[in-house]
Amino acid sequence: MSAVQQVTVLGATGSIGLSTLDVIARHPERYSVFALTGFSRLAELQVLCVQHRPRYAVVPDDASALELQSNLRAAGLATEVLVGEAGLCAVSADAAVDCVMAAIVGAAGLKPTLAAVRAGKKVLLANKEALVMSGALFMQAVKQSGAVLLPIDSEHNAIFQCLPGDYARGLQTVGVRRVLLTASGGPFRETPLADLECVTPEQACAHPNWSMGRKISVDSASMMNKGLESIEACWLFDARPEQIEVVIHRQSVIHSLVDYIDGSVLAQLGNPDMRTPIAHALAWPERIDSGVSPLDLFAVGRLDFERPDEQRFPCLRLAREAAQAGGSAPAMLNAANEVAVEAFLQRRIRFVDIARMIESVLNAQPVQAVEALDAVFAADARARELAGQWLAGR
Ligand code: NDP
Ligand code: MG
């Protein structure tokens with residue numbers, strides 16, 4: 001590897017964004033920051049710009065752009081501040097960019113991530129919602145442009161590491177029987193069912209093993225995260241839903257496994273720190289230091305496994321049904337979940353209402369075919385509208 005790679009970090013102010021910048025800063029001879037983007041944490045974005053000196057920064061509106069631009073000039077930086085979705089897409093597709101970390105949370109990340117894919121970049125995908133929403137169209141765009149899509153989600157990164165290099169020939173062809181997706185079970189794995197009625201956003205966001213953004217923390221508590229990840233795995237590895245099995249593994253040391261027809265089961269293990277999959281994908285097919293401490297198996301002591309309980313975690317069933325229904329269903333599931341999680345974080349609904357609201361949205365609208373991106377955004381908008389009505393009707 002010769003030239004320094006230019007990296008755009010979409011969602012730089014978030015948990016994945018910061019971990020990505022931590023890894024990049026360890027390897028200045030390999031990576032340089034081309035662009036950083038933020039949304040609400042703009043003071044943090046400014047600090048990151050001073051540290052990493054990107055060519056561009058992207059913010060959501062003109063007023064914040066003016067402010068950040070003048071602050072950066074005053075700090076002696078040549079960084080140019082761009083605005084909104086057009087700015088996000090521009091820094092994803094710029095001819096000077098080699099690699100894009102897609103770490104915006106939710107549907108807001110779809111267009112900029114697709115812009116990177118269409119421009120044939122190396123795309124590190126953390127923003128699972130983008131792939132869940134637009135599955136077939138997203139993967140078609142990857143094939144057409146020749147983009148290199150590498151999974152950041154720890155489970156999918158683990159599966160990628162356990163699969164042979166030619167897995168695109170088909171899982172069955174390369175001898176894979178099943179993919180085992182591990183899940184920690186989140187903070188409510190053992191909470192008495194009756195107590196789930198009154199759990200708070202703070203309890204939901206207090207994940208036992210991982211430190212993450214608030215939306216994915218709530219998704220982990222409801223296990224919608226594992227539902228979204230099952231759909232993500234189907235698209236990334238061209239798997240059928242029945243080839244994916246969810247296993248609760250509370251230590252979060254095994255990040256996922258691949259079960260082969262000869263009885264071999266390959267797993268990827270490591271401390272639960274996102275810098276490992278980030279460093280893996282950044283350097284792939286090489287290996288670099290991530291700053292993560294070595295796994296101490298003696299300290300881990302034991303590895304436990306159990307079956308998930310769909311009565312406790314109805315979101316798992318809703319995601320499976322949406323995957324089976326296909327078409328507009330996954331986009332609607334995702335959008336309804338985004339609205340429900342936000343409402344729960346704002347204390348407008350209870351934790352147990354998240355699944356109820358999503359189910360009601362999905363039942364209110366027949367599944368439609370999605371042949372173009374417009375249909376994906378229409379399904380997303382319709383689900384948000386129905387979710388809004390559900391909220392208003394309570
Ligand atoms: P955070 O909430 O910590 O960060 C989200 C990022 O997206 C922030 O930079 C935020 O900006 C930005 N953002 C939010 N809304 C918008 C918007 N409307 N337009 C543009 N930018 C926006 O989330 P995480 O880092 O935890 O997660 C990011 C993605 O990675 C998610 O899709 C998540 O599922 C996935 N992921 C995360 C893991 C983790 O360990 N954190 C593990 C596996 C996957 P600002 O902060 O300035 O508002
Ligand atoms: Mg994950």
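Predicted model: local features only at pLDDT ≥ 70, side-chain atom pairs only at ≥ 80, totals over all residues.
Residues count from 1 along each chain as its sequence is written, and chains are lettered from A, with ligands numbered from 1, in the order written. Local features need pLDDT of at least 70, side-chain atom pairs count only at pLDDT 80 or more, totals for chains, interfaces and linings use all residues, and side-chain values use heavy atoms, without hydrogens and water.

**Exercise 1.** Find the strand order of the open sheet of seven strands, and its edges.

Solution. Strands are DSSP runs (E, at least two residues), and helices are runs of H or I (at least four), numbered from the N terminus. Two strands pair if DSSP finds at least two bridges between them. The order is 4-3-2-1-5-6-7, with parallel pairing. Strand 4 (80-83) and strand 7 (148-151) are the edges; each has a single partner strand, so one side of each lacks a neighbour in the sheet.

**Exercise 2.** Describe how strand 1 and strand 2 pair.

Solution. Take strand 1 (residues 5-10) and strand 2 (residues 31-37). They pair in the parallel sense over five bridges. Now look at T8: A35 in strand 2 stands opposite.

**Exercise 3.** Find the order and edges of the open sheet of four strands, then a residue pair in it.

Solution. The order is 9-8-10-11, and the pairing is mixed. Strand 9 (244-248) and strand 11 (265-269) are the edge strands, each pairing on one side only. Strand 10 (residues 254-260) joins strand 11 in the antiparallel sense, over five bridges. There, S256 faces Q268 of strand 11.
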